[in-house]
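Subject: A structure for you to look at

Hi there,

Here is the structure I promised to pass on. Have a look at it first, and then read on for my notes.

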Amino acid sequence: MKFSILKTAFLAAVFAAGGCFNEPKSASKTVPAENRVYLNDKNLTSVPSVNVKADYLNLDRNKLTDVEPVAVLINLKWLRLNDNNISKLPDLSNLKSLRRIYLRNNRFSEVPETLKDLPALTDIDMSGNVQLKDIPDWLAAKKNLKNLSFSRTKVKKLPENLEAWKSLQSLQLGELDISSEEMARIRKALPKTAIVF
């Protein structure tokens, strides 16, 4: 019991300092080098042709608004789209192996519904999407999620039923206008989750 409390406190401190979505450099090493594609910081306005065998695609910090070409990359496990100008995603239903999607600092006003039916998905980062106001019930019903971030959005309340998130490891809700009552409700619903308010 004491270990669990200390572990949760430690994880919360780590997430607050570095963010659970600051992917360790070694994380991509689990993907063969030939299947890793780095197109970050290229000033791209469109997604170039990418080998369909790619497992890891990094398109961070470009000027993308449309990422339709990624929808055919059926082997993708990691997709990084942070710091672009994206407001919607294409149909990603063929990406059955996708585990992590990073959408930080874009222009989403809602959580993309195409994420609903991705069975392998464990991590979603929607932080910094300042127009995002609501977390949909379908996301709260999604099992197997491990890490979620909605920091620096306009979310004020989580869905009522958080039963499916019992195995959630971390939940980032930093810099949100959440009432103390809502914070208490979330903590009670997710006692084993490292939560950062």
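In what order do the elements of the protein run from the N terminus on? The order is α-β-β-β-β-β-α-β-β-α-β, with three helices and eight strands in the protein. Please keep in mind as you read that this is a predicted model. Of its 197 residues, 50% count as buried. As for contacts between residues at least 6 apart in sequence, 30% of them join residues at least 24 apart.

The eight strands form an open sheet, in the order 1-2-3-4-5-6-7-8, and the pairing is parallel. Strand 1 (36–38) and strand 8 (194–196) each have a single partner strand and stand at the edges, so one side of each is left without a neighbour in the sheet. From one strand to the next, the twist averages 5 degrees.

For a look at one pairing, go to strand 5 (residues 123–125) and strand 6 (residues 147–149): they run parallel and are joined by three bridges. Within that pairing, Asp125 stands opposite Ser149 of strand 6.

In soluble globular proteins, nonpolar side chains tend to be buried together. Here the largest nonpolar core has 52 residues, and the members that touch the most others are Leu57, Leu89, Ile101, Leu115 and Trp165. Helix 2 (137–140) and helix 3 (180–189) are the elements that give two or more residues to this core. The largest share, three residues, comes from helix 2.

**The aromatic residues**

The structure holds two aromatic pairs. In one of them, the ring centres of Tyr38 and Tyr56 are 5.4 Å apart and the planes stand at 45 degrees, so the pair is tilted. Tyr38 belongs to strand 1 and Tyr56 to strand 2 (residues 56–58), so this pair ties together parts that are 18 residues apart in sequence.

Are Tyr56 and Trp78 buried or exposed? Both Tyr56 and Trp78 are buried, with Tyr56 at 5% relative accessibility. Tyr38, by contrast, is partly exposed, at a relative accessible area of 40%.

Tyr56 also pairs with Trp78, and that aromatic pair is tilted too: 5.9 Å centre to centre, with 50 degrees between the planes. Since Tyr56 lies in strand 2 and Trp78 in strand 3 (residues 78–80), the pair ties together parts that are 22 residues apart in sequence. Taken together, Tyr38, Tyr56 and Trp78 form one aromatic cluster.

**Some loop residues**

Most residues other than glycine have a negative phi. Asp41 is not a glycine, yet its phi is positive, at about 60 degrees. Asp41 sits in the loop between strand 1 and strand 2 and counts as partly exposed, at 45% relative accessibility.

Arg152 likewise has a positive phi, near 55 degrees, in a residue other than glycine. Its place is the loop between strand 6 and strand 7 (170–172), and Arg152 is partly exposed, with a relative accessible area of 30%.

Last, Gln131 is found in the loop between strand 5 and helix 2. At 44% relative accessibility, Gln131 counts as partly exposed. Which residues is Gln131 in contact with, leaving aside its neighbours within four places in sequence? Arg107, Phe108 and Ser109 are the contacts. The C-alpha atoms of Gln131 and Phe108 are separated by 6.4 Å, while the two residues are 23 residues apart along the chain.

Happy browsing, and do write back with your thoughts.

Best wishes

Key:
Residues are numbered from 1 along each chain as its sequence is written. This is a predicted model: local features need pLDDT of at least 70, side-chain atom pairs count only at pLDDT 80 or more; totals for chains, interfaces and linings use all residues. Side-chain values use heavy atoms; hydrogens and water are left out. A nonpolar core is a set of buried Ala, Val, Leu, Ile, Met, Phe, Trp, Tyr and Cys residues joined through side-chain atoms within 4.5 Å. Buried means under 20% relative accessible area, exposed over 50%, partly exposed in between (1.4 Å probe, protein chains only). Helices (H or I, at least four residues) and strands (E, at least two) are DSSP runs, numbered from the N terminus. Two strands pair if DSSP finds at least two bridges between them. Axes are lines fitted to C-alpha atoms, for helices over the stretch in contact, and angles run from 0 to 180 degrees between N-to-C directions. Rings of Phe, Tyr and Trp (its six-membered ring) pair if their centres lie within 6.5 Å; planes under 30 degrees apart count as stacked, over 60 as edge-to-face and the rest as tilted. Contact means heavy atoms within 4.5 Å.
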